[in-house]
Amino acid sequence: MSSKPFPIFFSDSDLLSADIKTLLETGCCRAISAYDEETCFLNYNDESLSINLHLNNESLSFCVDFVAGKAKHRRQYGGGKKQPLAKACGIDKHPEWAILDATAGLGKDAFVLASLGADITLCEQHPALYALLTDGIYRASQDIDVAAIANRMKCVHHNSVDYLMSLDSSLLTRPDVIYLDPMYPERKKSAKIKKEMQVLQHLVGHANDENELFVVALKAARHRVVVKRPKSAKALINSKLSYTVSSVNTRYDVYVKQPV
């Protein structure tokens, strides 16, 4: 978990969800009465939670929205179970498989998988990202067109390695598929990155424990581990790679568990 309580601004605590109240009660977040001096903070306003970052004379702000915008477009026109993500996770042939997204981030890929019928657990250890996810899932659950999808998404506030190691050894409690999307290394020569990625890099930086997470995930998954990578990047672990599924700018490395 984050070592310092993450600041959150709100006008009425009664409007906060139970998940966000728990973050405050457990000391993962702290209430602030003003945000002029804060570089990065959460803001609950107009019935939604946003994250705000002031960095290098620039202000960035967004919320997790599973109802409108890009989420709506991909839900309607994303290609269904024929798209690479679905094939890599195996839900084109095994729609009953349960998935754990062990690097949930902003939940974009998790929402796609849930929209295709998968039950998915999102594991996120950063309190700000966890708060954004739970708020986005809650608002989606109130929308008639997206409620059924949101109800297939469950978010847990944990370190992914610890969470996977705590799972019961019984096959009945382990996820069929574990999905990993490690933070890409910061690009030094590319064009300006999107504001969401800037905020993610500010909050969590580049993951340096991805190999440990992969090893634990491979032990915990019932059927496969899927790792999202930049198309030109090296595989996380070459020796155990079963096959890859490619898309335009990324690819999905699939590690199939061998039957015991």
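Colleague: How many aromatic pairs does a search of the whole structure find?

Modeller: Four aromatic pairs turn up in that search. Keep in mind that this is a predicted model.

Colleague: What describes a pair of aromatic rings?

Modeller: Two things: the distance of the centres and the angle of the planes. Take Phe-9 and Tyr-35. Their ring centres are 5.0 Å apart and their planes stand at 90°, so this pair is edge-to-face. The cut-off for that label is an angle over 60 degrees.

Colleague: Where in the chain do Phe-9 and Tyr-35 sit?

Modeller: Phe-9 is in strand β1, residues 6–9. Tyr-35 is in the loop between β2 (29–32) and β3 (40–45). They are 26 residues apart, and the pair links distant parts of the chain.

Colleague: How do Phe-9, Tyr-35 and Phe-41 count by relative accessibility?

Modeller: Buried means under 20%. Phe-41 has 2% relative accessibility, so Phe-41 counts as buried. Phe-9, at 21%, counts as partly exposed. Tyr-35, at 31%, is also partly exposed.

Colleague: Now the nonpolar core. Which residues of the largest one touch the most other members?

Modeller: Leu-42, Ile-51, Ile-99, Leu-122 and Met-153 do, out of 59 residues in that core. Helix α5, residues 127–141, gives the most to this core, with eight residues.

Colleague: Why does this core lie between domain 1 and domain 2?

Modeller: Look at who contributes. Domain 1 (6–63) and domain 2 (69–256) both give residues, so the core lies between them. Apart from this core lies another, of 21 residues, including Val-161, Leu-213, Ala-221 and Leu-236.

Colleague: Which residues is Leu-42 in contact with, leaving aside neighbours within four places in sequence?

Modeller: Among them are Phe-6, Pro-7, Ile-8 and Phe-9. Cys-29, Leu-49, Ser-50 and Ile-51 are also contacts of Leu-42. Ala-128, Ala-131 and Leu-132 are on the list too.

Colleague: Which residues make the contact between α2 and α4?

Modeller: From α2, Ala-71, Arg-74 and Arg-75. From α4, Asp-109, Phe-111, Val-112 and Ser-115.

Methods: Residues are numbered from 1 along each chain as its sequence is written. This is a predicted model: local features need pLDDT of at least 70, side-chain atom pairs count only at pLDDT 80 or more; totals for chains, interfaces and linings use all residues. Side-chain values use heavy atoms; hydrogens and water are left out. A nonpolar core is a set of buried Ala, Val, Leu, Ile, Met, Phe, Trp, Tyr and Cys residues joined through side-chain atoms within 4.5 Å. Buried means under 20% relative accessible area, exposed over 50%, partly exposed in between (1.4 Å probe, protein chains only). Helices (H or I, at least four residues) and strands (E, at least two) are DSSP runs, numbered from the N terminus. Domain bounds come from an automatic or database domain assignment. Contact means heavy atoms within 4.5 Å. Rings of Phe, Tyr and Trp (its six-membered ring) pair if their centres lie within 6.5 Å; planes under 30 degrees apart count as stacked, over 60 as edge-to-face and the rest as tilted.
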